[in-house]
Amino acid sequence: MTTSKTSAASAPELAYEWLKNTILTLPRDEEMFLSEAQVAAASGTSRTPVREALLRLEAEGFVRRVPHKGAYIPALTDKDVEDVMQARRVVEEWSITQVAPNPGQVPARLRELVAQQEADTDPVEFIAHDLEFHTTLIRAAGNSLMHEFYRSLRDRQMRMGVRIMLSDEQRKKQVLAEHSAIVDALAAADTAAAIAAVHEHLDSTLCSLKQPRL
């Protein structure tokens with residue numbers, strides 16, 4: 001009985017995680033209608049937990065429900081991209097002003113993450129390390145509200161980032177160079193150079209995100 005209850009309790013989470021992973025790795029230009037039966041089969045659950053997962057994802061803004069048709073994953077628009085990047089610019093620039101004058105061990109940790117990114121061959125892993133790179137910087141700034149807000153952008157950043165990696169073969173090399181420039185400026189405690197490096201990185205990211213997918 002205990003095993004059955006545990007399985008039943010975990011089914012909505014299994015469906016949710018399967019759907020979330022599908023959404024995060026879906027190219028931004030694509031839309032997808034979701035069949036409850038197909039999702040249930042793919043996630044190893046049933047239609048009831050899938051329905052619960054879809055309601056949760058709808059509340060989070062990742063799916064939309066259409067009467068008599070079901071739920072679908074909307075394409076990311078340029079406005080979606082611009083909103084996220086504008087929010088990132090505010091948080092990351094402020095964080096640089098707090099960390100750069102006395103960076104401590106932050107540059108060393110960031111260099112480790114750049115090395116991990118260089119070794120990554122999976123786009124999802126590369127973007128996961130990319131997010132950890134930026135989150136490390138925000139966390140070091142010491143404002144828990146800023147950190148929590150930045151974390152709320154994570155899933156959207158993951159989908160956007162994976163989209164770039166799948167459509168732009170040169171982006172990995174660019175990101176590594178841009179991240180290294182940020183680390184070098186922080187290691188030198190050069191606030192102005194660090195802010196400039198972050199601006200260059202975010203500008204090039206925005207440009208890549210808005211390029212039409214071939």
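**View 1. Separation of domain 1 and domain 2.** In this predicted model, the centres of domain 1 and domain 2, taken over C-alpha atoms, are separated by 29 Å. Domain 1 spans residues 11-73, and domain 2 spans residues 78-210. To their contact, domain 1 contributes 13 residues and domain 2 contributes 12 residues. The area buried between domain 1 and domain 2 is about 1,000 Å², with 53% of it on carbon and sulfur atoms.

**View 2. The salt bridge between Lys 20 and Asp 155.** One salt bridge is counted between domain 1 and domain 2. Lys 20 and Asp 155 form a salt bridge in which the closest N and O atoms lie 2.9 Å apart. The count of residue pairs in polar contact between domain 1 and domain 2, with both residues at pLDDT 80 or more, is one. Helix α1 (residues 2-24) supplies three residues, the largest share of the side of domain 1 that touches domain 2. By class, that side of domain 1 comprises six nonpolar, two polar and five charged residues.

**View 3. Pairing of strand β1 with strand β3.** Strand β1 (residues 32-34) and strand β3 (residues 70-73) run antiparallel and are joined by three bridges. Opposite Leu 34 stands Ala 71 of β3.

**View 4. The hairpin of strands β2 and β3.** Strand β2 (residues 64-66) also runs antiparallel to β3, and three bridges join the two strands. Arg 64 has Tyr 72 in β3 as its bridge partner. Three residues lie between β2 and β3 in this hairpin, and His 68 in the turn has a positive phi of about 70 degrees.

Note on methods: Residues numbered from 1 in each chain as written. Predicted model: local features only at pLDDT ≥ 70, side-chain atom pairs only at ≥ 80, totals over all residues. Heavy atoms only, no water. Domains from an automatic or database assignment. Contact = heavy atoms within 4.5 Å. Buried area = accessible area lost by both parts, 1.4 Å probe. Salt bridge = Lys/Arg side-chain N within 4 Å of Asp/Glu carboxyl O. Polar contact = N/O pair within 3.5 Å; in protein donor to acceptor, adjacent residues only side chain to side chain. Helix = DSSP H or I, 4+ residues; strand = E, 2+ residues; numbered from the N terminus. Nonpolar A, V, L, I, M, F, W, Y, C, P; charged D, E, K, R; others polar. Pairing = 2+ DSSP bridges.
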